[in-house]
Amino acid sequence: MKVAVVGTGYVGLVTGVVLAKLGADVTCVDNDKAKLKKLREGISPIYEPGIEDLMKQGVEEGRLRYSDSVAKATKESDIVFIAVGTPPMEDGTPDIRAVKAVAREIAKNVSHYTVIVNKSTVPVGTGELVTQILREEGLTDEMAEVVSNPEFLREGSACYDALNPDRIVIGANSRRAASKVVELYWPVQRPMFITDLASAELIKYASNSFLAMKISFINAISRLCELCGADVQDVAKGLGADARIGNQFLQAGLGWGGSCFPKDVSGLITVSEQFGYDFKLLKEVVNINEDQTINFMCRLENRLGGLKGRTIGLLGLAFKPNTDDIRDAKSLAIIEFAKARGAKIKACDRIAAENVKAIHPDIEIVDDPYAVAEDADAVILVTEWAEFRNLDLAKLAKPMKSKVLFDGRRLYGPARAERAGLEYHTIGSGNGARLFD
Ligand SMILES: NC(=O)c1ccc[n+]([C@@H]2O[C@H](COP(=O)([O-])OP(=O)(O)OC[C@H]3O[C@@H](n4cnc5c(N)ncnc54)[C@H](O)[C@@H]3O)[C@@H](O)[C@H]2O)c1
């Protein structure tokens with residue numbers, strides 16, 4: 001089957017290489033010339049484990065190519081994916097201008113029956129909007145139809161996720177359009193769930209908002225733990241052992257960030273408002289998430305007696321390990337908080353540092369994690385990269401001005417930190433659990 005994927009970001013590129021691996025003939029399209037140059041040189045513009053191997057395999061086997069022409073790719077394809085960004089606007093509403101622009105360009109170039117698959121995360125009703133664009137360009141159902149196929153991959157394990165999805169959601173208005181997409185995904189051999197356009201669009205928002213809610217819930221519990229002497233890790237273990245609840249997304253920490261949760265939660269809130277529903281629950285999920293980082297930083301500020309003139313070392317900047325994505329990363333909120341109070345920042349993240357440096361050119365980037373501790377008044381563990389797990393904490397403590405460690409991801413535990421001579425602060429820890437650490 002001939003497929004075009006428009007947008008070669010985290011979702012589009014992964015979708016393209018995975019479909020090529022599964023046997024489709026794929027053209028990945030982007031309007032960013034610099035990205036295309038890198039792709040043609042075999043270099044992935046994003047950090048994603050395994051992606052360059054899949055790119056190489058696809059190109060060598062003749063099933064993957066890159067293009068800047070939506071028109072040409074559309075004419076040659078049976079299925080065209082839209083995988084462009086839908087960033088939030090000022091009020092939280094998803095900006096779907098790129099989706100509409102690409103849909104229009106596709107519509108102008110359809111030459112035979114084509115299924116336009118919306119993979120971008122879009123508000124309910126966007127599938128109908130794209131259908132309207134097709135109609136405006138004179139295309140009937142006989143020539144072009146729209147399918148919603150939201151993506152659930154996680155950055156950092158995106159290739160694996162795309163090859164092993166829990167489910168494939170297909171929203172369509174006709175059996176013909178849905179069948180085409182079922183056929184494409186058939187080699188994945190994973191459960192497929194076929195529904196209408198609106199339900200498919202909503203499933204994506206509901207999934208991400210539910211996961212964000214779970215994290216905010218355990219973070220709210222973490223605040224209570226700090227006050228009442230319980231330990232959130234033990235509470236989460238006991239809670240998650242209940243099969244009805246499950247143990248995933250119950251890791252207390254600095255809160256959720258990244259390119260999806262913040263955007264999709266605020267997207268669901270604003271879309272609900274447009275339909276006349278005030279989603280108060282989700283508004284509180286957002287508030288808890290913002291408070292979590294602020295509370296953590298206020299604790300640091302209190303401990304150091306102010307941040308003016310202090311040097312703060314940051315271990316990790318990416319919004320989570322195994323990605324270079326820093327969109328809505330907690331590191332950014334931490335840097336802003338500290339800089340606003342006159343602190344100096346030193347940070348180490350071998351993969352994401354450049355992206356943060358582009359926003360905060362005044363922070364000092366170091367390659368060696370131990371270098372963040374030199375003359376630092378405190379070190380904060382922000383992202384739990386594997387390389388930080390096994391740090392020699394005594395070596396970290398040695399060059400610090402004051403030996404204060406704020407662990408935003410509960411990576412080290414008090415006993416290990418204190419053995420290394422560090423004063424340890426973390427999230428959701430009362431006194432009780434120290435006995436068992
Ligand atoms: N990143 C994730 O983990 C993830 C997961 C699931 C769903 N999503 C959703 O998938 C969509 C894409 O996300 P992403 O993270 O891949 O975004 P991204 O910003 O990494 O990639 C978007 C790509 O689209 C290209 N583009 C924009 N306008 C274009 C046009 N007119 N013609 C051709 N190319 C164009 C950009 O140059 C860019 O390469 C979003 O709606 C997002 O919410 C993302």
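**View 1. Helix 1 and helix 3 make a left-handed crossing in this predicted model.** Here helix 1 (residues 10-21) meets helix 3 (residues 51-60), with axes that come within 9 Å and cross at roughly 50 degrees. The two helices are therefore oblique to each other. Looking at the side of helix 1, you will find L13, V14, V17, V18 and K21 in the contact, and their partners in helix 3 are I51, L54, M55 and Q57. By type, the residues of this contact are seven nonpolar, one polar and one charged. A handy reminder for reading such a face: an α-helix has 3.6 residues a turn, so residues three or four places apart point the same way.

**View 2. Helix 11 and helix 12 also pack with a left-handed crossing.** Helix 11 (residues 261-274) lies with its axis 10 Å from that of helix 12 (residues 280-304), at an angle of about 150 degrees. Angles over 145 degrees count as roughly antiparallel, and helix 11 and helix 12 are therefore described that way.

View 3. At the start of helix 9, a side-chain oxygen of D196 comes to within 3.2 Å of the backbone nitrogen of A198. After helix 9 comes G229, with a positive phi near 90 degrees.

Note on methods
Residues are numbered from 1 along each chain as its sequence is written. This is a predicted model: local features need pLDDT of at least 70, side-chain atom pairs count only at pLDDT 80 or more; totals for chains, interfaces and linings use all residues. Side-chain values use heavy atoms; hydrogens and water are left out. Axes are lines fitted to C-alpha atoms, for helices over the stretch in contact, and angles run from 0 to 180 degrees between N-to-C directions. Helices (H or I, at least four residues) and strands (E, at least two) are DSSP runs, numbered from the N terminus. Angles under 35 degrees count as roughly parallel, over 145 as roughly antiparallel, 65 to 115 as roughly perpendicular and the rest as oblique. A crossing is left-handed if the near helix is turned anticlockwise from the far one by less than a right angle, and right-handed if clockwise. Contact means heavy atoms within 4.5 Å. Ala, Val, Leu, Ile, Met, Phe, Trp, Tyr, Cys and Pro count as nonpolar, Asp, Glu, Lys and Arg as charged, and the others, Gly among them, as polar. A polar contact is a pair of N or O atoms within 3.5 Å; within protein, one must be able to donate a hydrogen and the other to accept it, and residues adjacent in sequence count only if both atoms are side-chain atoms.
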